Amino acid sequence: MPQPIYVIATGGTIEKVYSEQTGTVRNLDSKIDRYFRLLRLPDAEIRVVHLMNKDSLEMTDEDRARVLAAVRETFGDPAPIVITHGTGTMVETGLVLQSNLPDLRVPIVLTGAMTPLGFEGSDGLQNLTESLLAARILQTGVWVVMHNQVFPVDRARKDRDQARFVWK
């Protein structure tokens, strides 16, 4: 029987698209489902929750409360959780989850991308794939998974100069 994994999509660079009309890269609508069809996941049942599609630098406390509520809604069917999120405030959201979920029984993995899915050189599909595996094997807790590394959320920091996450 396939193992369920919840994916809560919040937007961020991983879901950005190029707008020919404005010449900008923006969060318009979700495209994460298309990328799951590219992966071979025969023993996983991906349950996608499209929560919002925002740049994480625009996320508010209310948005983080929505993420927390969405995570709590999955608790009736305990399964690992992956949250796609912008890298700018990913750690902040993860810390909100960590401090508000003392009875957590599953791993929560936050991931995103420095370059949007579908763009040349994107790290999005790699990070998404690694996060699905990490969510299945990590112990209970809140984690950041990016670029073949796993960080406890309270030990991760985005290094903007190097365009990657590093140990805090």
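A: Two strands pair if DSSP finds at least two bridges between them. The model discussed here is predicted.

Q: What order do the six strands of the open sheet have?
A: Strands of a sheet pair through backbone hydrogen bonds, either parallel or antiparallel. In this structure the order is S4-S1-S5-S6-S7-S8, and the pairing is mixed. Strand S4 (44-54) and strand S8 (149-152) stand at the edges; each has a single partner strand, so one side of each is left without a neighbour in the sheet. On average, neighbouring strands of this sheet are turned by 25° against each other, direction ignored.

Q: How many bridges join strand S7 to S8, and do the two run parallel or antiparallel?
A: Strand S7 (residues 141-146) is joined to S8 by four bridges, and the two run antiparallel. As for residue partners, Trp-143 is bridged to Pro-152 in S8.

Q: Which strands does helix H3 touch?
A: Helix H3 (residues 90-100) packs on the sheet and touches S5, S6 and S7, its direction making about 165° with that of S7. Helix H2 (residues 61-73) lies across S1, S4, strand S5 (81-84) and strand S6 (107-111), and runs at about 160° to S4.

Q: Is Lys-16 buried or exposed?
A: Buried means under 20% relative accessible area. Lys-16 has 12%, so Lys-16 is buried. Lys-16 lies in the loop between strand S1 (3-11) and strand S2 (17-19).

Q: Which residues does Lys-16 touch, not counting those up to four places away in sequence?
A: Among them are Val-25, Arg-26, Asp-55, Pro-116 and Phe-119. From C-alpha to C-alpha, Lys-16 and Leu-117 are 7.5 Å apart in space, while in sequence they are 101 residues apart.

Definitions and conventions: Residues numbered from 1 in each chain as written. Predicted model: local features only at pLDDT ≥ 70, side-chain atom pairs only at ≥ 80, totals over all residues. Heavy atoms only, no water. Buried < 20%, exposed > 50% of the residue type's maximum accessible area, 1.4 Å probe, protein only. Contact = heavy atoms within 4.5 Å. Axes fitted to C-alpha atoms, helices over the stretch in contact; angles between N-to-C directions.
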